[in-house]
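Subject: Structure handover

Hello,

Here is the structure you asked to look through. Please open it next to this email, and my notes follow below.

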Amino acid sequence: MRSFIAEIVDVYIKNYATQALRTCIVTPNRRAHRFIKKDIIQQNDDNGFLPSFFSIDEFILNHIPMQRIEETDLTFILYEVFIHQKDYENLDFDEFLSYSSILLHDFNEIDMQMADGEAIFSYLTDTKAIQLWNPDGSPLSDSQKEYLRFYNLLAFVYHDFKSTLLEKNLCYQGMGYRYFAENIDDCLDKVSFENMIFAGFNALTKSEEKIIKTIKQRKQAILLWDVDSYYFKKEIMEAGMYMRKYKIWDSDIENQVQNHYQNNKNIEFIGTAGILGQARIAAQIIEEQTHKNNDKAQEKSEFENNTALIPADESLLIPLLNSLSPSILKNINVTMGYPLQHSNAYRLADSFIKLHLHATRTSKQGTNKQSLYQNDLWEILNNDLIKNINPHQNKTSSPSAQSYIRESEVFSILIKWELSAIKTIFETCHNNPQHLLDKIHFLFLFILKKNKETEALNISDAESDAIMQLLAIISRLKKLQEKHQKPNTIQGFHILYRQLTKGLSQAFSGKIEEGIQLMGLLETRLMDFENIILLSVNEDILPASSFTNSFIPADIKYEFQLPGIQEKTAVYAYHFYRLLQRAKNVYLIYSTTKKKLSGGEKSRFIKQLEFELKKYNKHINIQNKLLTLDNIKIQNAPELSIKKDDKIQQRLQEIAIKGLSPTRIISYIRCPLQFYFQTVAKIKEPEQAQDIIDDRILGDAIHHILEDFFKPYIGKTFPFEKLNGFLKQIPELVHHYYKKSFKGKIDEGANFLSLKDTEYYLIQFIKQEIQAAKHDNSTIEIIGLEENLKRKISLNNGSKVLIHGNADRIDRKNQIIRILDYKTGKVDPKKVKIPKKTDSNILNPIFEDIEYDKATQLFIYRWMYQAYNTSPIQSGIVSFRQITNPYIMLQTKDKDEELQKDFTTLIEEIFDANINFTTTDNEKSCGYCTYKNICLKQ
């Protein structure tokens, strides 16, 4: 295999080796420069000077009389421009931040493509808008007029923004590119190089195209294109779309076309489940290839030195590193960088910001005290950096039942754990970003100081580096806030903080020129490898989803020749096919896991290779594999089984005395290991701050409102005539409940819709009750609400286990006692029954199959209540989604004795010291399990 880099070096040696100081090489990025330099040194016997090297970005921005500035600085300047526009003088900065990044991206794209920005934003006149939105000629709505007014304002903002930057000799990327292209003669006069090589380009923006084309016409440059006839000569192949356009002004392209796809290749398409499945398959391929010739060290080295491991979805980086064996990790070079977001330092800062952000949203104005959301607090206290300075780090705990905790309680915890030195960071910030910045700054300096004073802390170099990066960002934000007096809320600060930390990473150490190269797809430009392992070759990843946030509608982009879906797909197609063209062994791994709206679908690029490449070259070997986790050999995988040692048995005895609820028993049926994590080890599931009304909160609201309504009638016959009055009060009661019990906003967005859902469910249920009362002369006696039921079950070893749970409502109708459980979620009536026990069942399916969890719960309620009463008893569900028949009753059909025996066997199993806690075989149980990452399950 002769690489493209070798071809670049050949051209340089042949034409410019003796003119190094007057020559530069320009490439799309800097990644390949090190390798080009190495080859030049090896081939150039004179050992003279090297040429200069630039990425295209460096070449252009180094030769314009303006300085490029970062997005955050641009944001403040753009805001100043906005507030000088009519009717925008009082524009809220936080509101502006919600769309400023999108607008800056649009401005950048307009200038990169040398489009008429003012014309684009002025394009939507009233007449044109009516044609697009109201083709029948009807007047525009108020919201359409407001959008149109804002859209037309952007023409003035775009002009004023660029004028402001020009006055200060500042620019953003696209503005700098456009300036170079529009003033190309002046800019080229400042370029000190007589000879230039532009290598490895494909999809040029209009500004790049004009610059490179002009330099080519002035005979100051050689253009080297990396292109193959397979996708260049076929008009339908999107990978060659841009090259076919450029041959109009650079006829040399056709002379540089090669035929790499005529060579022999081995290509495997491998489908497997999810992220971890892909990572393990990739690790297995590498292990097999590196150990294939175990006694041939040279061949092993050749594989490692000619292999690229490329996750198209960069979130695969950490799973990949965790899947590779230590021997492979010693010889791997990670060029992608370790995302800063994965460091303990970043997580600590982010948790701290969330803590004060949630406190600001829920605390009353003008008070010096605040309530802190417990989950945010414990995220901070359980962070490894805090646990390192906590003398009682082994005693860290988790939230109590209450959601929020007062400052005084926080201080008590800190004093108890000898962390009172940092208690001031938990005091209220009064929604002041400067106060928050000071607290984060103090916290990180305190951690570094403690690390220096106490050798036992041993904070890793990577974490120290992350802290230093974040301290630099905090200092930058402090200066920006002092200079602009904005943002003046923690919400705005959080947005800027994310802008500044986005994309930051920590460098891995490794041998850049040796070993397997773990790199991002765009980093492979100009690079060639004999062995390619490419992961996440799925639709919406390769090519990436066409959806991008933009103020410019797709039809207007098309009108003004801005890149659209077709152009973006062509870019990804070129990177994909170019990467494969010189490779001999190619492994394309894709996920088969289904997602909500997409996923599980292999990329169209795989399908193109399947149906087209074999016809193009019959000697190419193509294989399809669909693998399950059973096909994957996991190196040194731990057995996922927890033995019931003395400590665990002691804990189980505590549970037996304290009691098991139906929910905990059902978690055991779902997965014994989940039961262990949740109930025995008490590893709490993460919660979110209650600023969004989710299904659980909605269900609580219905429970409480119905409990308050029925409570006065406990022990009495319920008067059905009261239902009409209750029906009228429901909207007011729902609003009052949320206003009193819920700390988030309830009058807008998703929360408002959830509030209306609560009203709807209650109203429909009460209407059904009124309708049923008219046709049914029977009475209902309310026996209990939120009744705590208890009953002990005797095990064969003589011990007893307490079973307990709260029944939402217990009443008596037609001399039958009903134990009712309210459900706002979906209920399948077919699963609220006692199924037949078959030969394959050890126990009745309600104690083995999680699909019958509702039946399990109802059986346990009925079994517990039988200890109180010998009357006929039924248990059932009140389903608020079953409008016409909300009552779904469990029918036991005289199976009580058999069910009680099986229930006892199930509880025996939970407490049996000889039966380990193991993972479930039912993959459906793993879908939404909080602990699936611990189990290495998808």
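In which helix is the place of Gln 256? Gln 256 lies in helix 14, which covers residues 252-256. Please keep in mind that this is a predicted model.

Is Gln 256 buried or exposed? Its relative accessible area is 18%, and buried means under 20%, so Gln 256 counts as buried. If neighbours within four places in sequence are left aside, Gln 256 is in contact with Leu 223, Leu 224, Trp 225 and Val 227.

Seven strands make up an open sheet with parallel pairing, in the order 9-14-8-15-16-7-17. Strand 9 (332-334) and strand 17 (621-626) are the edge strands, and each of them pairs on one side only. From one strand to the next, the twist averages 15°.

Five of its five residues are buried, so strand 8 is largely enclosed by the rest of the structure. Thr 307, Leu 309 and Pro 311 point one way from strand 8, while Ala 308 and Ile 310 point the other way. Strand 8 pairs with strand 15 (residues 531-535) in the parallel sense, over five bridges. Two bridges join strand 8 to strand 14, and these strands also run parallel. Ala 308 stands opposite Ile 532 in strand 15 and opposite Gln 517 in strand 14.

Strand 14 (residues 516-518) is joined to strand 9 by three bridges, again running parallel. Here Gln 517 is the bridge partner of Asn 333.

Now the helices. In helix 2 (residues 33-43), the residues His 33, Phe 35, Ile 36, Asp 39 and Ile 40 are buried. They lie on the same side of helix 2, because they cover an arc of only 165° around the axis. What covers them includes helix 1 (4-16), strand 1 (23-27) and strand 2 (52-55).

Helix 29 (residues 646-658) packs against helix 31 (residues 672-680) at an angle of about 70°, and their axes are 11 Å apart. With that angle, helix 29 is roughly perpendicular to helix 31. Which residues meet there? Ile 648, Arg 651, Leu 652 and Ile 655 in helix 29 meet Tyr 676, Thr 679 and Val 680 in helix 31. By class, this contact has five nonpolar, one polar and one charged residues.

Regards

Definitions and conventions:
Residues are numbered from 1 along each chain as its sequence is written. This is a predicted model: local features need pLDDT of at least 70, side-chain atom pairs count only at pLDDT 80 or more; totals for chains, interfaces and linings use all residues. Side-chain values use heavy atoms; hydrogens and water are left out. Two strands pair if DSSP finds at least two bridges between them. Helices (H or I, at least four residues) and strands (E, at least two) are DSSP runs, numbered from the N terminus. Axes are lines fitted to C-alpha atoms, for helices over the stretch in contact, and angles run from 0 to 180 degrees between N-to-C directions. Buried means under 20% relative accessible area, exposed over 50%, partly exposed in between (1.4 Å probe, protein chains only). The arc is that of the directions from the helix axis to the C-beta atoms. Contact means heavy atoms within 4.5 Å. Angles under 35 degrees count as roughly parallel, over 145 as roughly antiparallel, 65 to 115 as roughly perpendicular and the rest as oblique. Ala, Val, Leu, Ile, Met, Phe, Trp, Tyr, Cys and Pro count as nonpolar, Asp, Glu, Lys and Arg as charged, and the others, Gly among them, as polar.
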